[in-house]
2 protein chains.
Amino acid sequence: DDQFEIGKEKAKVCMTCHGENGISSIESYPNLRGQKMTYLITSLKSYQSRERSGGLAVLMHQQADALSEQDMEDISYYYSTLGSDNSN
Amino acid sequence: DDQFEIGKEKAKVCMTCHGENGISSIESYPNLRGQKMTYLITSLKSYQSRERSGGLAVLMHQQADALSEQDMEDISYYYSTLGSDNSN
C-alpha cells in the first residue's frame, strides 16, 4: 500500500543501523521489524523531546530531530507492517 | 538451556503487558520476542536510571527498580532467545 512504500523510502536512513529487513546487525540496536506502530511513534517522539537520553540515545536524537510528525507515522507504519501479510 | 528457563520464570511479571509469547496485545507496548539482548539490558537500565522518562515509561520505572543486574540479564536472554531455534 501507499503508506508502506512511502515509509520504506523514508526509512532508508534507518536501515544502516536497523538492517535492510528491520533486523539490526548490531546487538546494541533494536530490531524494528514487526514492532508495534504506536510504540515506535512514541519512541521517536521521546528521542525528539530528549525524554530518552543516555547511552546510545544521542544517536537517535539527531535522527528524530530531522523527522516531521508525518515522517514518524510513515516510518513506524512501515516497520510495524514489515514481515506481516500486508508487506511485500 | 538453564538461563532460558530461569529467565522465563523471572519474566512472568512482564507477560501481562508484553504477552505470553513476547508479542504484546497493546499497541503502546513493544513486542520483546527476539529482540536483541544487549538492547534489552540497556533499556531496562535506562528505565532504572530514569534516562527513559515521559509517557508510559513510569510503568517501567517501578518494574526495573525491582530487578537486579542478574535479573535483567536473565530476562533479556529469555526474550532475545524466544522464537529462535534455541528456545522451545
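Visitor: Leaving aside neighbours within four places in sequence, which residues of chain A is Arg52(B) in contact with?

Guide: This is a predicted model, in which local features need pLDDT of at least 70 and side-chain atom pairs pLDDT 80 or more, while totals for chains, interfaces and linings use all residues; side-chain values use heavy atoms, without hydrogens or water. Residues are numbered from 1 along each chain as written, with chains lettered from A and ligands numbered from 1 in written order. By contact (heavy atoms within 4.5 Å), the partners of Arg52(B) in chain A are Tyr39(A), Tyr47(A), Glu51(A) and Arg52(A).

Visitor: How far from Arg52(B) is the nearest side chain of opposite charge?

Guide: Arg52(B) lies in the loop between helix 3 (37-48) and helix 4 (57-65) of chain B; helices are DSSP runs of H or I with at least four residues, numbered from the N terminus. Arg52(B) is buried, a word for under 20% relative accessible area, with exposed over 50% and partly exposed in between (1.4 Å probe, protein chains only).

Visitor: Why does Tyr79(B) count as buried?

Guide: Tyr79(B) lies in helix 5 (residues 69-81) of chain B. Beyond its neighbours within four places in sequence, the contacts of Tyr79(B) include Ala11(B), Met15(B), Leu32(B) and Leu40(B). Tyr79(B) counts as buried because its relative accessibility is 2%.

Visitor: How many residues apart are Lys10(B) and Asp71(B)?

Guide: Lys10(B) and Asp71(B) form a salt bridge, with 2.8 Å between the closest N and O atoms. This pair links distant parts of the chain, helix 1 (residues 2-10) and helix 5 of chain B, at a separation in residues of 61. Lys10(B) is partly exposed at 27% relative accessible area, whereas Asp71(B) is buried at 18%.

Visitor: Which residue forms a salt bridge with Glu69(B)?

Guide: The N to O distance in this salt bridge of Glu69(B) is 3.1 Å. The bridge joins helix 5 to helix 3 of chain B, across 24 residues. Glu69(B) is partly exposed at 49% relative accessible area, and its partner, also partly exposed at 33%, is Lys45(B).

Visitor: How many salt bridges does the structure hold over all chains?

Guide: One further pair is Asp65(B) with Arg50(B), at 2.8 Å from N to O. Asp65(B) lies in helix 4 and Arg50(B) in the loop between helix 3 and helix 4 of chain B. Over all chains, the number of salt bridges is eight.

Note on methods. Helices (H or I, at least four residues) and strands (E, at least two) are DSSP runs, numbered from the N terminus. Lys and Arg count as positive and Asp and Glu as negative; His and the chain ends are not counted. A salt bridge is a side-chain nitrogen of Lys or Arg within 4 Å of a carboxyl oxygen of Asp or Glu.
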